[in-house]
Amino acid sequence: MPFTSLVARLPYPSAAVQRAVGIAAVLAQALIGVTGSIVRVTGSGLGCPTWPQCVAGSLVPKHDSGIDALNQWIEFGNRLLTGVVILVAAVAVVTAWRVQIDHPDRKRLVKLAWTMPGGVLLQAVVGGITVLAKLEWWTVAIHFLATTPLVWLAVLLLRAFREGDEAPRLLVPPAGRTILILLATVLWLVLAAGTTVTGAGPHSGDINTHRLDAPVEALAQVHGGLLVLYLLLLAVFGLQLLRVGAPKSLWQRYTAVWVVAVAQGALGSLQYALGVPEAMVSFHVLGAMAVIIATAALWTGSRDRGPVTSLEAAPRELTAA
């Protein structure tokens, strides 16, 4: 294939480069969710009221469009960041592809890398639908929730750069793995419940956007209750780690989840008590991304796929063969 021959001419990515690409993928996927919240709390969701253009007849903001210039540039900046995310995703694919050329068994790594640009393109389409639907609360919720699996997959990609491709060997009992699956499921429910609180709350992205007609207090209680369930499952998982004498690295990941999850819960409670100030909304979204990353890292740390074999280029005689 012509593309394969082009990629093969690139220098082999060192261990440091592979790690940097994985970290960049995680940060890019997480930050696009945070900047999306900034668009919402500043009321800039329709700063660019059309898609893919910003305003009718122009891809970039126009000061004579009758829309506040600051709102236009905030929304347009978020769209530009999507381009950066796509670039990082493309670099991840090329890096994984270059690794596979020397190490053909690294098919899983390449598949994970391809989820990055594929997911971003899907997100762009969902974002366009959100704008065309005039920021209806449920479209904004879908737009945010679609980001969450991409952050999770980026963490898996980062891990894949540093592990082998053997069948996963569990470091926890089967019951512990079941609890992890429940933990990930409840985490997603916590995030989904959070979007309903936002949908009924004061930050709609635009003053004319329809809001979810439901009591914020009740929705916030459901959101908080699910977080408590998440923490209870996390505590039960800790008992499973004690049972098997889990390695230090897994305990470190487990501790990190507790730290970010408790901090996120405290931030959410403070945010609610203060009347949901704008800046705290974006910090809360940042905290949500941190919880996703920490939980995904705990997931990957709960199994062993053997030693990584692709931190260095294969010997020339092997690649030539």
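Student: Which residues of helix 5 are buried?
Tutor: This is a predicted model, and in it helix 5 spans residues 137-145. Its buried residues are Thr 139, Ala 141, Phe 144 and Leu 145.

Student: And what do those buried residues pack against?
Tutor: They pack against helix 4 (107-132), helix 6 (147-160), helix 7 (174-200) and helix 10 (278-301).

Student: You mentioned helix 10. Where is His 284 found?
Tutor: His 284 sits in helix 10.

Student: Is His 284 buried or exposed, and why?
Tutor: His 284 is buried, because its relative accessibility is 15% and the cut-off for buried is under 20%.

Student: Which residues is His 284 in contact with, leaving aside neighbours within four places in sequence?
Tutor: With those neighbours set aside, His 284 is in contact with His 223, Gln 264, Leu 267, Gly 268 and Gln 271.

Student: Let's follow Gln 264. Which helix is Gln 264 in?
Tutor: Gln 264 belongs to helix 9. Gln 264 has a relative accessible area of 10%, so this residue is buried too.

Student: How far apart are the C-alpha atoms of Gln 264 and Leu 227?
Tutor: Those C-alpha atoms are separated by 9.6 Å, while the two residues are 37 residues apart along the chain.

Student: New topic! At what angle do helix 8 and helix 9 pack?
Tutor: Helix 8 (residues 216-244) and helix 9 (residues 248-273) pack at about 165°, and their axes are 11 Å apart. An angle over 145 degrees counts as roughly antiparallel, so helix 8 and helix 9 are roughly antiparallel to each other.

Student: Is the crossing of helix 8 and helix 9 left-handed or right-handed?
Tutor: That crossing is left-handed. Residues making the contact include Leu 227, Tyr 230, Leu 234 and Phe 237 of helix 8, and Trp 251, Val 257, Trp 258 and Ala 261 of helix 9.

Student: How many nonpolar, polar and charged residues does that contact have?
Tutor: The contact of helix 8 with helix 9 has 17 nonpolar, 2 polar and 1 charged residues.

Student: Last one: which residues touch the most other members of the largest nonpolar core?
Tutor: That core has 65 residues, and Leu 157, Tyr 230, Phe 237, Met 289 and Leu 298 touch the most other members. Leaving aside neighbours within four places in sequence, Tyr 230 is in contact with Leu 183, Val 186, Leu 187, Val 257, Ala 261, Val 291 and Thr 295.

Methods
Residues are numbered from 1 along each chain as its sequence is written. This is a predicted model: local features need pLDDT of at least 70, side-chain atom pairs count only at pLDDT 80 or more; totals for chains, interfaces and linings use all residues. Side-chain values use heavy atoms; hydrogens and water are left out. Axes are lines fitted to C-alpha atoms, for helices over the stretch in contact, and angles run from 0 to 180 degrees between N-to-C directions. Helices (H or I, at least four residues) and strands (E, at least two) are DSSP runs, numbered from the N terminus. Angles under 35 degrees count as roughly parallel, over 145 as roughly antiparallel, 65 to 115 as roughly perpendicular and the rest as oblique. A crossing is left-handed if the near helix is turned anticlockwise from the far one by less than a right angle, and right-handed if clockwise. Contact means heavy atoms within 4.5 Å. Ala, Val, Leu, Ile, Met, Phe, Trp, Tyr, Cys and Pro count as nonpolar, Asp, Glu, Lys and Arg as charged, and the others, Gly among them, as polar. A nonpolar core is a set of buried Ala, Val, Leu, Ile, Met, Phe, Trp, Tyr and Cys residues joined through side-chain atoms within 4.5 Å. Buried means under 20% relative accessible area, exposed over 50%, partly exposed in between (1.4 Å probe, protein chains only).
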